[in-house]
Amino acid sequence: MGTETNTRTKDCSWFAFYIALLLLFGKQALAQIRYSIPEEVQEGTVVGNVAKDLGLDISSLIARRFRVVSESKDAIFEVNQNNGALYVNNHIDREALCQGSGACLMELKILVESPLEIHYVNVEITDVNDHSPSFPEREQIFEIAEHTLPGKRFQLHTARDPDAGVNSIRTYTVTSNEHFEVNIRQSDAGKIPFLVLKKSLDREQKNRHTLLVTAVDGGKPPRSGTLNVSIIVLDSNDNRPIFSQEIYQIEIQENVALGTSVFRMNATDLDEDTNGEVEYSLGKTLMRKVYDIFELNKLTGEITVKGVVDYEETDIYELDVEASDKGTPPLAGECRIIIKVIDVNDNPPEIKVTSLSNTVSEDSKPGTVISLITVRDKDAGVNGKIISHISNDVPFELKPSYKENTYSVVTKGFLDREEVSHYEITIKATDCGEPPLSTYKTLNIQISDVNDNRPHFDQSPLAFYLVENNVAGNSIFSVSATDKDENDNAAISYHIVREGSQNDMMSFLNVNSETGHISALKSFDFESLKTFQFQVVATDSGTPSLSSNVTVNVFILDQNDNAPVILYPVSSNGSAEGVEEIPRNVNAGHLVTKVRAYDADIGYNGWLLFSLQEVTDHSLFALDRYTGQIRTLRSFTETDEAEHKLIILVKDNGNVSLSATATVLVKLVEPKEAFAASDVKSATRDEEGTDVTFYLMITLGSVSVLFIISIIVLIAMQCSKSTEYTSKYLQETNYDGTLCHSIQYRSGDKRYMLVGPRMSIGSTIVPGSHANTLVLPDRRSATAEVRHV
């Protein structure tokens, strides 16, 4: 078993042609490798090391799926991926693979991947002498007239030997006798033996001769087959039928209808009567297939079709026809009819997928090979010429290989799984026959995902409204993002950005990383905090991961959680009580006093309404519902009591309203006393009005300064202390993250400060404080009189 490779041509033009092929189609074999192996060798016999001859790395054969691509299930040859050897996988019968005496070549397609390479290897199957010559029949009988002249030839059955070359039939011999010898005529079909009469027969001496004809092949050692020949000697019939030609040539189309007449024989015999009546018969040396397809009428000589004529199976038939008369003995003449079959476009193209990657990444570059296909057509000429293309609108295209009818399917554009995740590539192959025939092949391609899409929030920024006094630890709202990718590339987790000026507020927020539900670890107070802002980041689980953020604006909504606070009147002990002295001679509409109140809520929750809950005499006093002013309804009489008690109810307009009460004692005095008290009160009111304005300005400025200082201190503490210290600081009982506001005023010899809800009062409380009113140490002279706010 030898290995032979085609040598590289020295011609510069061929060298340039191979270089061009290499550049165009990548790693392909520059020359085909050819091996030779005899038939009938044992399975497992090594033909040659094809990987070594192709220059492939032996260690990478398994990883690159080194293999033989075969169109049949039982491949004759296979390759060993461990050492690269090409070996015999199945029984080799040259006569079954190749008929005739020509070279028997098998072209193998060797495929490796990563990168994809195709190599073609030719294996020549050499013949061994494993068949003996055989005759179609065991015996042949001739009837020969006794006056037949020497030199007459009688065609013997032709022996068949499937072997080729020197192993085919070389000669015919006959047993030694004085009347006959064997003569051989060489034809396209092979050697045709004839029995030749070398000496005239004499029926009276011997009327029957028995001979043994032997066919011998050229093998070493030679094989042979025998034919028993019987010659019956008859009386003379000296004219045989004669054809006008020795060879007739006709043409028919394949798939011709059964029963169609294709030719009519005509042989003439100069004899008369029965010696001149001709009958026709097909020669005995034809292949069995001829008898299955054609039929000869022995009387008329008409040849008709009785089987299917298939050009792809056989394109030419040779019929040996014999015309025999009815003389005694009969004489025969022979001729040959050559029937050529004209091809009809009756076979559609065939599409074979050699290799297919049915999953393609969406980030594949244009030109990525996903499949290799081959097309073929059993028809010949233009009927077998194939045009292939992709018939549907997909981002793929066919690129031809250097080998005819071999194509690769490649991407022609960028892919996007989020737009199209699956493609059906329809490949159409059409031949050039008339009419043309087509075949379709569909490739199903899945597009695999890569992490190329960030999580997306449908709305940015987000706005949430939260009612104050929420339950600490409960979910207050949620955020949600979507990702166009799939699987892990679309698995989103959430977290809050905790850097920035509001980091102290962020410490009270927590987000569920999987669901996006945001919970608050504290209860918010509208009066302390009305709005805040933070950012949530959504991150997918891809590699590398992608993220996006959204700004969340939280607006605290007010609840009616603050009761009205009485600013005036306020007694020395802090209770909402006051005494007003007015002269008896005042007229109707006189302003007795004005009840002042404050509510920390806003809107309807902070809108206060005044009403008289209890009064000594309803005919004397009236209360303005909105201003809280108390005025006289009429002049006082002598019968009116000297002291009247008014209880004023102050309530807000919340859904569940809250209220406070104030008590005003009105004392009626004589005009002299009233004038004195009036002067004092007038002076007091003037001074109080000036003082209140002054104190309000100081208070507003102080609150602003305290707010700025508090923010600066908080930022400094946050930056300088660890999270542990900060957490401890924020959890002090006297601080809840809000700033207080206050209004200070004086009444009598005491100074009062009205504080907002939840104000940390610490050690400033002194005896006498009540509700929202604190009593502060007096820094002024104790001789000052009571002043009203």
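Of the 789 residues in the chain, 42% count as buried, where buried means under 20% relative accessible area, exposed over 50%, and partly exposed in between (1.4 Å probe, protein chains only). The model is predicted: local features need pLDDT of at least 70, side-chain atom pairs count only at pLDDT 80 or more, and totals for chains, interfaces and linings use all residues. Residues are numbered from 1 along each chain as its sequence is written, and side-chain values use heavy atoms, with hydrogens and water left out.

The chain exposes about 42,500 Å², of which carbon and sulfur atoms supply 50%; accessible areas come from the Shrake-Rupley method with a 1.4 Å probe, and for residues only the protein chains shown count as cover. Its secondary structure comes to seven helices and 53 strands. Helices (H or I, at least four residues) and strands (E, at least two) are DSSP runs, numbered from the N terminus. Among the contacts with a separation of 6 or more, 66% are between residues 24 or more positions apart, contact meaning heavy atoms within 4.5 Å.

Strand E23 (residues 316–325) has seven of its ten residues buried, so the strand is largely enclosed by the rest of the structure. Two strands pair if DSSP finds at least two bridges between them. Strand E20 (residues 278–282) runs antiparallel to E23 and is joined to it by five bridges, with Val-278 having Asp-325 as its bridge partner. Strand E24 (residues 332–342) is also antiparallel to E23, through nine bridges; here Ser-324 is partnered by Ala-332. A hairpin of six residues leads from E23 to E24.

A salt bridge, defined as a side-chain nitrogen of Lys or Arg within 4 Å of a carboxyl oxygen of Asp or Glu, links Glu-279 with Lys-326, the closest N and O atoms being 3.6 Å apart. This pair links distant parts of the chain, with Glu-279 in strand E20 and Lys-326 in the loop between E23 and E24, 47 residues apart. Glu-279 is partly exposed at 27% relative accessible area, and Lys-326 is partly exposed at 35%.

The structure holds 19 salt bridges. One of them joins the side chains of Arg-34 and Glu-124 (3.2 Å, N to O). Arg-34 lies in strand E2 (residues 33–38) and Glu-124 in strand E8 (residues 117–126), so the pair ties together parts that are 90 residues apart in sequence. Another is formed by Asp-449 and Arg-417, whose closest N and O atoms are 3.0 Å apart. Asp-449 is buried, with a relative accessible area of 16%, and Arg-417 is buried at 10%. Salt bridges with shared partners join Arg-417, Glu-418, Asp-449 and Glu-486 into one network.

E34 runs parallel to strand E41 (residues 547–557), the two being joined by six bridges; Leu-466 has Ile-556 as its bridge partner in E41. Within strand E40 (residues 531–540) lies Thr-539, which is buried at 17% relative accessible area. Leaving aside neighbours within four places in sequence, the contacts of Thr-539 include Ile-492, Ser-493 and His-495.
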